[in-house]
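Let's take a walk through this structure together, going from charged pairs to helix faces. Keep the model open beside you as you read.

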Amino acid sequence: MIGDMVKLKVLEVIRQGQIGGGESHLLDLIYFLNKEKIEPVCLSFSDGEMIKRLTQMGVTCHVINTQKPFDLSVQREIIKLIQNENIQLIHAHGTKAASNILYPAHKFHIPLVYTVHGWSFHDNQSFFAKKFRSWSEKLICHFINQGFCVSESNKETDRKVIGIKNAVVIENGVNLGRFNPEASYKNLRYEFGFSESNFIVGFITRCTKQKNPLTFLSALEKAHSANPSVKGLFVGEGDMDKKVDTFISQHQMFGYISALTVLQYVNYVNGKPLGRIKYALN
């Protein structure tokens, strides 16, 4: 009988509680899990909207505040959590989450699954930073039981640099209940003061160095200078808010819409941006 089956208790670990690509993926993953067989528990290293939504879904959530990878100061708290929740499987999303759960998983011999939402090293880093981060990824992947990549590109990087045994590509998906290509949506162009003839370039993401917003703004400025019908939408917030506001003010850049002609991604480390897939559906 299903009612008599013992559920597999899975700890989903992620670096932040705010909603980004990885967090959107985790929300959908937990939503669609078979709750008759699996009981998800979430550990995030910061609070935020994702934690709020998971809690509303009835998912047990824990927040242990840290933004450091391999943070020894939180290990005791994580170990206590694993013991109290009787965790049987750990699924880490991203490098920071995996680095902080590595020792507890190894200590209790709990299988560890690692989803790579983009490697933490890239060509725009200094030689030593890239070398250190690639070494960190190798260390993490040495101890995992299964590795998942969200794109063939990430798997190719794994083959060249990391060497996960039996790495599997599971591409990011989209919740068609929320992003339905057959549904009709309100056209907001006129509400934002733009016409049908405007060519709109959109940048919708967290406003952080990783997302490289100033490169987008610089490109938009040049495009608008060459063709005034090109206008842009910038939606997002983060630790680069002031720099972005200053750039827009100094360069006198204005114009916002929500109906997009082109969705621009300038990102150093993403595996496969969810926003790109969602836009392609509409």
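**Salt bridges and helix faces**

With a relative accessibility of 34%, Arg 53 counts as partly exposed; in this scheme buried means under 20% relative accessible area, exposed over 50%, and partly exposed in between (1.4 Å probe, protein chains only). Before going on, note that this is a predicted model, in which local features need pLDDT of at least 70 and side-chain atom pairs count only at pLDDT 80 or more, while totals for chains, interfaces and linings use all residues. Residues are numbered from 1 along each chain as its sequence is written, and side-chain values use heavy atoms, with hydrogens and water left out.

Arg 53 has a charged partner: its side chain meets that of Glu 49 in a salt bridge, 3.1 Å from N to O. The term stands for a side-chain nitrogen of Lys or Arg within 4 Å of a carboxyl oxygen of Asp or Glu. Glu 49 is also partly exposed, at 34% relative accessibility. Why can these two meet? They are four residues apart in helix H2 (residues 49–56), and so are separated by about one helical turn. Helices (H or I, at least four residues) and strands (E, at least two) are DSSP runs, numbered from the N terminus. An α-helix has 3.6 residues a turn, so residues three or four places apart point the same way.

Arg 159 is exposed at 57% relative accessibility, whereas Glu 156 is partly exposed at 33%.

How many salt bridges does a search of the whole structure find? There are six. One of them joins the side chains of Glu 85 and Lys 9, at 3.0 Å from N to O. This pair links distant parts of the chain, with Glu 85 in helix H3 (residues 75–85) and Lys 9 in strand S1 (residues 8–14), 76 residues apart. Both Glu 85 and Lys 9 are buried.

Follow the chain past S1 and you come to Gln 16, in the loop between S1 and helix H1 (21–32). Gln 16 is buried, at 5% relative accessibility. Its side chain makes a polar contact of 3.4 Å with the side chain of Glu 23; such a contact is a pair of N or O atoms within 3.5 Å, and within protein one must be able to donate a hydrogen and the other to accept it, with residues adjacent in sequence counting only if both atoms are side-chain atoms.

Now turn to helix H8 (residues 241–250), where Val 244, Phe 247 and Ile 248 are buried. Seen down the axis of H8, the buried residues fall within an arc of 95°, so they line one face of the helix; the arc is that of the directions from the helix axis to the C-beta atoms. What covers these buried residues includes helix H7 (213–226) and strand S9 (230–235). The face turned away from the buried side of H8 carries the exposed residues Lys 242, Asp 245, Ser 249 and Gln 250. Just after H8, Gln 252 takes a positive phi of about 55°.

How values were computed: Contact means heavy atoms within 4.5 Å.
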